[in-house]
Amino acid sequence: MKNICMLSILLVSLLPSISMSQASWDAVGPYGGWINDLATDASGNIYAATYVGGVFKTSDNGNTWVQIYNDTLIIDPRAIGLNSSGHIFIVTSVQGFFRSTNGGTSWQKVNNSLSTRNVRTLFVLTNGDILAGCFPGGVYRSTDNGTTFTTINNGLTNTDIISLAVKASNGYLFAATYGGGM
């Protein structure tokens with residue numbers, strides 16, 4: 001009992017230092033819709049894919065945002081990714097896969113070889129390959145900057161993909177499915 005009391009006193013005495021050392025959050029936008037995904041480039045720019053609002057970019061840690069795309073072409077961007085060449089990739093739940101090779105000034109629809117336009121997630125690997133998770137359709141891989149895709153669904157029991165992750169230490173790919181586990 002004495003040890004439990006001493007431990008409790010120690011923990012209570014540490015609480016002020018724990019709460020004081022935690023970071024605080026500041027709202028920095030962009031405003032006007034919810035943000036589905038964020039990505040950063042090598043220069044430290046942050047990109048935001050927003051529902052209805054389009055795609056935004058900030059170069060000053062969120063103090064100001066520039067809309068780099070908002071048109072009926074891209075509705076509901078679900079995920080955003082960048083490669084080492086600075087190309088920006090957007091996936092949507094309605095129109096599929098888009099690529100910009102000029103910083104967001106213009107966009108190309110690159111849905112070649114995708115069985116659906118309902119793309120929910122993407123992941124750009126360090127080697128430049130692009131993974132796209134579709135709902136339904138499974139996981140697709142592009143080795144040519146998004147121009148074409150091939151399926152990599154061997155072993156998937158559910159092809160309704162909602163999220164992808166890669167474990168860098170061993171190269172394992174994880175696919176989160178809607179109702180079918182991971």
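**Pocket lining, cores and confidence**

The residues lining the largest pocket divide by class into seven nonpolar and seven polar, with no charged residues. This description rests on a predicted model. The lining comprises 14 residues in total, and Gly-155, Leu-156, Thr-157, Ala-175 and Met-182 are those nearest the centre of the pocket. Strand S14, residues 172-177, contributes four lining residues, the largest share. The space in this pocket amounts to about 180 Å³. Rolling a probe the size of a water molecule over the atoms shows where empty space is left.

In soluble globular proteins, nonpolar side chains tend to be buried together. Here the largest nonpolar core has 14 residues, with Phe-97 and Leu-114 making the most contacts inside it. At least two residues of this core come from each of strand S6 (88-92), strand S9 (119-124) and strand S10 (130-134).

Leaving aside residues up to four places away in sequence, Phe-97 touches Phe-89, Ile-90, Val-91, Gln-108, Lys-109, Val-110, Asn-111, Leu-114, Ile-130, Gly-146 and Phe-149.

The mean pLDDT of the protein chain is 82, and 84% of the residues reach 70 or more. Residues 1-18, by contrast, have pLDDT below 50, and this stretch makes zero contacts in the model beyond near neighbours in sequence. Where pLDDT is low, the predicted coordinates should not be read in detail.

Notes
Residues numbered from 1 in each chain as written. Predicted model: local features only at pLDDT ≥ 70, side-chain atom pairs only at ≥ 80, totals over all residues. Heavy atoms only, no water. Core = buried A, V, L, I, M, F, W, Y, C linked by side-chain atoms within 4.5 Å. Buried < 20%, exposed > 50% of the residue type's maximum accessible area, 1.4 Å probe, protein only. Contact = heavy atoms within 4.5 Å. 1 Å grid on protein atoms, 1.4 Å probe; cavity = no way out; pocket = protein on both sides within 12 Å on 5 of 7 lines; lining within 4 Å. Points joined across faces, edges and corners; volume = space filled by probe spheres on them. Nonpolar A, V, L, I, M, F, W, Y, C, P; charged D, E, K, R; others polar. pLDDT = per-residue confidence, 0-100.
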